[in-house]
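Please open the structure in your viewer and display the side chains.

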Amino acid sequence: MRTDASAFSYDKLYEERLFPVCSQDYWKRIRRELGRDDLPEQRDEPPLSPEELARFPLLSTHSIFDRAGGDWQAWYAAVGERLPGAARVQHFSHMLLALEAARFHQGVALTNDYMLSTRRDSEDFVRLPAHSVATGDTFYFAWKTSRRQERGIQTLRRWLVDEAIRSRLLAAPSG
């Protein structure tokens, strides 16, 4: 979306980032296979390296980058690496399908905050200790600047921004 049209005003709500997730059971398997199961599980778990993650099936979503494996290619590229040729990539048309496969212990999927926060079963997933990658998609609330004083526009705008902050999709303004 272009945000330079002078007739409109914009509030940024969310910059999409993808991060790896898997099921609780699959996380136990990953920890066991990487020799981490003897370490206590903690909030600041040492990050998984891209090489470690490549040992497990990667569940790829075609719809985000519009090419097979594009999400994982971008994830690896974010740290200056290439998706290993030996990586086992399973392809799905949409993120929801990849998340369902992850929920049933089929591997590691890339998802965003929005998809995970709207799922009733989100506690079944583990956000893996690894880097995230920006997709380049940013979500805005846009309104005609000439209507900025309308009560309905102000109310909706305030609610959307508050919800984005409450759900941690948007940082609270400082000050």
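Select Glu-100 and Arg-103 to begin: these two residues form a salt bridge, with their closest N and O atoms 3.0 Å apart. A salt bridge here is a side-chain nitrogen of Lys or Arg within 4 Å of a carboxyl oxygen of Asp or Glu. The model is predicted, so local features need pLDDT of at least 70 and side-chain atom pairs count only at pLDDT 80 or more, while totals for chains, interfaces and linings use all residues. Residues are numbered from 1 along each chain as its sequence is written, and side-chain values use heavy atoms, with hydrogens and water left out.

Why are Glu-100 and Arg-103 separated by about one helical turn? They lie 3 residues apart in helix α5 (residues 95-103); helices (H or I, at least four residues) and strands (E, at least two) are DSSP runs, numbered from the N terminus. Glu-100 is partly exposed, at 26% relative accessible area. Buried means under 20% relative accessible area, exposed over 50%, and partly exposed in between (1.4 Å probe, protein chains only).

Next, select Asp-113 and Arg-127, a salt bridge whose closest N and O atoms are 3.6 Å apart. This pair links distant parts of the chain, 14 residues apart: Asp-113 belongs to helix α6 (residues 113-117) and Arg-127 to strand β5 (residues 125-127). Asp-113 is partly exposed at 27%, and Arg-127 is partly exposed at 47%.

Finally, select Arg-147 and Glu-150, where the closest N and O atoms of the salt bridge are 2.9 Å apart. Arg-147 is partly exposed, with 37% relative accessibility, and Glu-150 is partly exposed, with 35%. A search of the whole structure finds 8 salt bridges.
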